[in-house]
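Here are my notes on the model, point by point. Have the structure open while you read.

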Amino acid sequence: MQWWLSPWKRYALFEGRASRSEFWWFTLGQFLVGLAFFLLSGIAGALIALYYLFLLAGLVPSIAVTARRLHDIGQSGWLQLIGLIPILGTIALIVLCAQPSQPHANQYGDAPLPPAP
């Protein structure tokens, strides 16, 4: 759960680096919570606003953690704009985010540490 909360604590921080596990745990957490809200909105239609509010609130942290993840592999955060290319851009972004971290400091900072418990 700490991996999912860590990007929320650094809501709009586009500097630094994010490890692979931080990025993927956050992505999984966003997917599961979004799915729960979506399913609940299907049961009680009034909750659809809560689903869209969650999607909107998660937009900036998702962009920020993706930028930090790209920094971790030595790429610019602006590279996530390739995700706007239908299908191929999304696949390329997934492949980039799955790359192993650079173990040493790079131009974006020191290697990320795991979050404190």
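1. Axes here are lines fitted to C-alpha atoms, for helices over the stretch in contact, and angles run from 0 to 180 degrees between N-to-C directions. The crossing of α2 and α3 is left-handed, a label used if the near helix is turned anticlockwise from the far one by less than a right angle (clockwise is right-handed).

2. A word on what you are looking at: this is a predicted model, where local features need pLDDT of at least 70 and side-chain atom pairs count only at pLDDT 80 or more, while totals for chains, interfaces and linings use all residues. Residues are numbered from 1 along each chain as its sequence is written, and side-chain values use heavy atoms, with hydrogens and water left out.

3. Now the α2 and α3 contact itself. From α2, Q30, V33, G34, F37, F38 and S41 meet I48, L50, Y51 and F54 of α3, contact meaning heavy atoms within 4.5 Å. By class, these residues are seven nonpolar, three polar and no charged. Nonpolar covers Ala, Val, Leu, Ile, Met, Phe, Trp, Tyr, Cys and Pro, charged covers Asp, Glu, Lys and Arg, and the others, Gly among them, are polar.

4. Which aromatic pair ties α2 to α3? F37 lies in helix α2 and F54 in helix α3, so the pair links parts that are 17 residues apart in sequence. The F37 and F54 rings are tilted, at 5.4 Å centre to centre and 50 degrees between the planes. Rings of Phe, Tyr and Trp (its six-membered ring) pair if their centres lie within 6.5 Å; planes under 30 degrees apart are stacked, over 60 edge-to-face and the rest tilted. F54 is buried at 11% relative accessibility, whereas F37 is partly exposed at 22%. The cut-offs are under 20% relative accessible area for buried and over 50% for exposed, with partly exposed in between (1.4 Å probe, protein chains only). The whole structure has six aromatic pairs, and W8, Y11 and F26 form one aromatic cluster.

5. Compare α2 with α4. Their axes come within 9 Å and cross at roughly 155 degrees, which makes α2 roughly antiparallel to α4. The α2 and α4 crossing is left-handed. Here R20, E22, F23, F26 and Q30 in α2 meet P61, S62, V65, T66, R68, R69 and D72 in α4. The α2 and α4 contact has four nonpolar, three polar and five charged residues.

6. Two loop residues deserve a look. G58, in the loop between α3 and α4, is buried at 3% relative accessibility. G58 touches W8 and Q30, not counting residues up to four places away in sequence. I87 sits in the loop between α4 (59-72) and α5 (88-97), and is exposed at 64% relative accessibility. Phi of I87 is near 60 degrees, a positive value in a residue other than glycine.

7. Finally, the overall picture. The chain has five helices and zero strands; helices (H or I, at least four residues) and strands (E, at least two) are DSSP runs, numbered from the N terminus. Buried residues make up 29% of the 117 residues.

Terms used:
Parallel < 35°, antiparallel > 145°, perpendicular 65-115°, else oblique.
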